[in-house]
Amino acid sequence: MPGMLPDGEPAPADGRLPEASARAFGASPFGVYVHVPFCRTRCGYCDFNTYTATELAGGASQAEYPALVMRELDLARRVLLATDNSNRRGDGGASGVDNSNKRVATVFFGGGTPTLLAPEQIGNILKKIDETFGLAPDAEVTVEANPETVTPRSLAGLRARGVTRMSFGMQSAVPHVLKTLDRVHEPGRPQQCARWARQAGFEHVSLDLIYGTPGESDDDWRRSLDAALAAEPDHVSAYALVVEDGTRLAAKVRRGEIGAPDDDTLADRYLIADDVLEAAGLRWYEISNWARGDGARCRHNMLYWTGGDWWGAGPGAHSHVGGTRWWNVRHPAAYAARLAGGRSPAQAREVLTAAERRMEEIMLGVRLAGGLPLTAVTGTASSSTERIVASALLDPAAYRSGRLVLTRQGRLLADAVARDLT
Amino acid sequence: MSDPAQPAAVGRRAPAPSRTDQAVIRNFCIIAHIDHGKSTLADRMLQLTGVVKARQMRAQYLDRMDIERERGITIKSQAVRLPWEKDGQHYVLNLIDTPGHVDFTYEVSRSLAACEGAILLVDAAQGIEAQTLANLYLALDADLTIIPVLNKIDLPAAQPERYAEEIAGIIGTSGPDDVLRVSAKTGDGVEDLLNAIVDQVPPPHGDPDAASRALIFDSVYDTYRGVVTYVRMVDGRLSSRERTLMMSTGAVHETLEVGVISPEPIPCEGLVAGEVGYVISGVKDVRQARVGDTMTSSGHPAQEPLAGYQHPRPMVFSGLYPLDGDEYPELREALDKLRLNDAALFYEPETSTALGFGFRCGFLGLLHMEIVRERLEREFGLSLISTTPNVIYRVEMESGREIRVTNPAEFPSGNTPGSPGDGSLKANTGGKIAKVFEPVVKATLIAPSEFIGAIMELCQSRRGVLGGMDYLSPERVEIRYTLPLAEIIFDFFDQLKSRTRGYASLDYEPDGEQQANLVKVDILLQGQPVDAFSQIVHSDSAREYGLAMTAKLRELIPRQQFEVPIQAAVGSRVIARENIRAIRKDVLAKCYGGDISRKRKLLEKQKEGKKRMKTIGRVDVPQEAFVAALSTSRQPDARR
């Protein structure tokens, strides 16, 4: 979750949704995101909404945190299900909406460092989600973890409590790169975590990598990719390092202590990643994500990219239901105070116009391997599709069958394509 | 006790306008460099003669426009009637305030023609400057009595002895002791100066009974009154009840009001020979009452106009475009309004593929250009892009046809004789170029002698031809060069100032034209010429211009999805080339739930930005790139 919150209109104190959005709930798959805003130390490149123990004072300690999240889940129930109690837990109804969508299809614990919470705490939150909305039998439940915070025992504990997928922040296998990123884990630890996770019974294990760190060479990057693949994950995410304003890394770049990664280098690294991962049998399904088969894709993230609904619980968490997006106050203390006062923790929201929804659909859909139907593009933009195909940014075969799918070169210029298609 | 030797009309009371005897009139102006204290001296005179009370006094009373006040320079001259009593005798002193800049030399010459005397005002800490010297020579040519005055004698850095010597040497007739010393700031010596004007400046000697002839030395548009025309009556009498005739155009106008300024307008019955005042005739546009023209009575017109009338000729041209294309109508309206008060401003619509709709504007010089631009932006709230200024070229084709080029993009593409090429690019005009002529100026530079080398080096590099050199004093030298005007309107002033640590001053006057080996350098993006960047340069400098411009554009134009060659070409010959490599990455790696709003807004913003770009061929160029490329170190600085 990025540090900067967008501007928006004020959100009502009771969290109530606009009527059209409330009515639309249930029309799309539904997920729950739980933000865990704690880290042991803060990494120099990170602008996420997270706090070290010393940064937190009063009202929002780690021990009390699960109870706070549960309070927000109660609010979520009131907001989403108040008008329609009979449909709770996905019982059939006559409304014409497929009520199975009101069950929770995916849960994602992100951070911060969710594994700073004990497996029991995570298990309790998950139980609360099930009691509140009903967890689908095949629900995907992902927990993000920093390698230094898990053990074979804690992983077994998470699995036993219903977590189905682990995602480890590996970033790199190269010591000098990890040092630049302020990552505290030893090289080799993430791969070991992945193996422990397998032993604990996790079918789905993902590793996150970062490329383009100052000082990283092409060979360093290959070494990291090879090391990741050696642990046999069924999913890899690879992100270009973005020097975000306000981070220690940005300050170092500004002072000229380290060189900012340049776009051409990042493009080269992306192509290396794509070559190596594809050769190992992982297929790209979103610009920065590769999976071993469709079943290994992160369904929770797919929900973000395909217009699904989700409730984001926790400070700074974003939510989307039926065309309304909102986001919570950032600081855990302010978040705790809102909930203690019986008010919604939402800081602001935006009710999307039809044009904005169309723009998001194109902007997000074009990043996927499945692409977009040609019919999603309308108006003057539809006249540019031929030209984009001719510039080799859209796949001609897919285009002939009525879909807009980026080529490898097109993935690197996805924002430019999105601008041309909207 | 009465003195029978005194003229009859001269009494013990101040003479009234329209019946002032020439014998008590003294018409004079002040010649000075910017900052040498002309306006402050004028202020002191207004105070001492009692026409402005001390508490009404605002600094630089005569400089009315905000820009004039802020820049401390006078753009438009005015005339003020000052009563002065000396030895029991009432006099009328008409102070004609002249513009102080090279661009307005013609207006200066008309102001001088309205006077019999001139105060040569020199800063006692700085000595005479080239501009002042040029105007002094104009005054001497016009046979004016010169009263040399050193100002700012109260300054610790003042060196009155040294500069009195210098001035005496330049004027030649007076000794250093004849140079008056004043402090316009404190008022010290100003009374003596007013007395010296009475004693030394001869009275006018026009023919009061002849047909009326009035010299127009200024014309100002006033929103409420229409055009106010300032005149010096040379012969005869102009009554407020008569219609007037402009002798250059033959146009007849009603007379609404005649008066004098002292320092606010005071209407009167008329003006008689020797007097200075104003005429309001319901004219709405200063071009109908041009500086230098002769105004006469339509009932009894004079036979011959006064000598010296010239039609103003623009010397420097530039394209002016609204930053926001939607403001084109506002720009047109603003120019129309400015022209009411600026007979020298020339403009016509022009279209640029790069900049859209705008105007090709002609100016008397760089200061004039800067002032017009500043007024458009300040008074009319417009944001403008101006193209690099250029001069006017005369092109003779082999066919005998002659073309006048005020916009480099319109320079014919035919080959100049002796240049290589197959002549395939004869496109727009047909035929080959036989000869190209460019305007030249005679430049006078004054500087401490230690900078002679630096100045000569600069002038030589600008195709200058040395005309001569004279020592004004052992430390200061006057250098004369003939230079192409085009070489001066680039960054010449800046260079001169930086090479002489600000000590050199410059003046120039038109000196005809010369044939030169000039070529047009086109700048092409992906093979498409960008008209706003075309430039006419000497063939020796073509490569330098091409290299500089292509390198700059490479920095300014964002990378596109394809490679963009930037070329500089003379005709079909490419003389410089740069490449903008294709962009390879334009994507944000991460886009999760919390990123979506931010990313959508970013895309919307980028799309907005793209809409504001100009498309040259397939290349999107942000407007800022044009602005940055055009506002280079070559941007003129007319303040010297």
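**Strands in chain B**

Let's start with strand S1 of chain B, which joins strand S3 (residues 89-97) of that chain through 5 bridges, the two running parallel. Strands here are DSSP runs (E, at least two residues), numbered from the N terminus, and two strands pair if DSSP finds at least two bridges between them. This is a predicted model, in which local features need pLDDT of at least 70, side-chain atom pairs count only at pLDDT 80 or more, and totals for chains, interfaces and linings use all residues. Residues are numbered from 1 along each chain as its sequence is written, while chains are lettered from A and ligands numbered from 1 in the order in which they are written.

How covered is strand S1 (residues 25-32) of chain B? Mostly: 8 of its 8 residues are buried (20 or more other C-beta atoms within 10 Å of a residue's own, with C-beta atoms placed from the backbone). One face holds buried Ile25(B), Asn27(B), Cys29(B) and Ile31(B), and the other holds Arg26(B), Phe28(B), Ile30(B) and Ala32(B), buried too.

Now for another part of chain B. An open sheet of 8 strands has the order S11-S10-S16-S7-S8-S15-S12-S13, with antiparallel pairing. Strands S11 (252-253) and S13 (265-268) of chain B are at the edges with a single partner strand each, so one side of each has no neighbour in the sheet. Within chain B, strand S7 (residues 213-222) and strand S8 (residues 226-235) run antiparallel, joined by 9 bridges. Arg213(B) has Asp235(B) as its bridge partner in S8(B).

Technical notes: Helices (H or I, at least four residues) and strands (E, at least two) are DSSP runs, numbered from the N terminus. A residue is buried if 20 or more other C-beta atoms lie within 10 Å of its own, exposed if 12 or fewer, and partly exposed in between; C-beta atoms are placed from the backbone.
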